[in-house]
Every structure is written in C-alpha cells, then in structure tokens.
Amino acid sequence: GRFAMVHSVDSGRVADALGRAVERHEEAGALPVLLQVNMAGEEQKSGCPPEEAEQLAAQIAGLPALSLRGLMTMAPFVDDEVVQRRVFSDLRCVRDRLTSQGLELPELSMGMTGDYQAAVAEGATILRLGTGGASDMNDEGFRLTPVDVRSQEFRRSALGYDVAGVEEFRARVADELERLLRERAMLEERLQNLREQLKSFREREKALNDAVVMAQQVRADAEQAAKRDTEITVREAAARAEEIIAAARVTETDVRRDIEEAQRQFSSYLSAFRRLLERQLAEVDSLVEHEQDGSMPGAE
C-alpha cells in the first residue's frame, strides 16, 4: 500500500529513510509529505524547531523521491483561542517565508477537533478531525497520536453514547499507538546500533587495509634493502677476490724468479765444482805419472 500523504516528517533522518523506501517502488512516483514543525515548543510533541525549518525544508525538497507539499503543526491542548491562533499564524508565517525563497508549499495541516476553527481562520488547508464520525477517520487528513486520543472529547448526540465503550475504545487506541511508538523507538535504536556497528566495522576494515598496505610497504622496503646489501656484499667479495688473485700472481712471479735464481746458482755451483774436480783429477793424474817416472814433481 501507499500513503496519500505523510504529515509527520520532522528530521533529515526520517526524510532520508522515507525517500529510500519510496525509491524501492520506482513505479510509485514522488510521495507527498509535510514538514512537521513544533511551533509551541512542547517536549511531548514531535516536530523540528521553527529555526530549523528552513534548512530541513530545503533538504527534503532536494530528495527526488519526496514531494514537499507544505507544513504541519499542532497547537497546545488549551481552550485559549488566542494561543491557538498564534501558533497557527506563526506556522503560516514560516510557510510564507519558505515560499518567498522559491518553495511551493500550498498545504497547511493544522487544526484538530478542538481547535479547527482557529486553524481555518489562519489558513489551514488540512484538518485532522476525529469526533465527527467514521467518515472523518477515513479522511486522508485524519492523524492521531496517543495524546490526541487520550485528550479527545466526545459530544453527546440525542441518543447519547456509551461512556464506558468510548473510554475503552480510546484506551485501546492510545495503548496501540503507544506500543507502535515504543516499537518505532526500539527499531530506531536498533538501527542506530547497527549503524554504529557498521561504522565500527568500516573503521576496522580501513585499519586492516592500512595495516596490509603498511606491511606490503615494509616488505618491499626490506626486500629492496636486502637486495642492496646483497649487491654490496657481492661487489666487496669480488673486489677482495681480485685483490687475492692479484697478490697470488705477484707471489707466483716472485717464487718463479727465486726458483730461476736458485737454478742459476746451482748450475754455477755445479760448473765451479766440476772445474775444481777436473783440476784435482789432473793433479792426481800428474802425481801418478811422476811416481811411475820415479820422481816427484818439484824434486831436484
């Protein structure tokens, strides 16, 4: 089903939620709504403060799923018509100010059974009547709150009415409305808790993503540093190896030179020793020859 008009949009949160619900039924078109303003400043009644009406009206008007048609308020439950008319007049002034800013707001929903005459005098276009019979309750302007039901007065007809039955009906309606409002409050609280949990989950997800990114960066930095250290170590090892090889080559050259010198000296020694032996052998041969001749070398 679909409402002909919602009279009780009193916050941006409600407007956004209602807009999302309408968007899920694309064929339905924009839903007409009224901005509820708490002109009397009563704590027990819903509605945005008058000073916030301009900002909230602009926000609602910017939602494509909603069509802002006007304003709604409720006067205090008093018999003073001056007080009633002042509240209704103030709402009309708020509507006129918003209209001068470019918003088209033809509807003023204000006035109930006990104050509808004052509301009409101040320009009401929608009345919320509840004591004129069943036909009133079928009217699209009929809206009830628990306070409305409990404070409603019933006129006596010529045939009278059953007081106990009326009181029982009023109590049942008020109890049901209160139950629905409590249920709504519980659902809103649950929704808020879910939103907070979602926010917490998103913050955790962001923290985890940041940690992963940081870990990847640390890993990349560590790999780069290890690569640099390895390259430095390899270069140093290669340089050291070249130094060792060069030193070994120098040592090899020195050893070869020493060997060659030793071989030369050994050859020289052998040559000298051979010459010495040859001289001594020659002298021995000479002595042998002289003995055979009977004379010694050097004898006279």
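In helix 2 (residues 53-61), A53, L56, A57 and I60 are buried, where buried means under 20% relative accessible area, exposed over 50% and partly exposed in between, with a 1.4 Å probe and protein chains only. Seen down the axis of helix 2, these buried residues fall within an arc of 100 degrees, so they line one face of the helix; the arc is that of the directions from the helix axis to the C-beta atoms. Helices (H or I, at least four residues) and strands (E, at least two) are DSSP runs numbered from the N terminus.

This is a predicted model, in which local features need pLDDT of at least 70 and side-chain atom pairs count only at pLDDT 80 or more, while totals for chains, interfaces and linings use all residues. Residues are numbered from 1 along each chain as its sequence is written, and side-chain values use heavy atoms, leaving out hydrogens and water.

The cover over the buried residues of helix 2 includes strand 1 (6-9), helix 1 (12-23), strand 2 (31-36), strand 3 (66-72) and helix 3 (81-100). I60 also belongs to the largest nonpolar core, of 33 residues, where V9, V33, L35, I60 and L66 touch the most other members; such a core is a set of buried Ala, Val, Leu, Ile, Met, Phe, Trp, Tyr and Cys residues joined through side-chain atoms within 4.5 Å. Helix 3 gives the most to this core, with 5 residues. Apart from it lies another core, of 6 residues, among them L34, M72, M74 and M112.

Elsewhere, L276 is found in helix 7 (residues 163-293) and is partly exposed, with a relative accessible area of 34%.

Methods:
Contact = heavy atoms within 4.5 Å.
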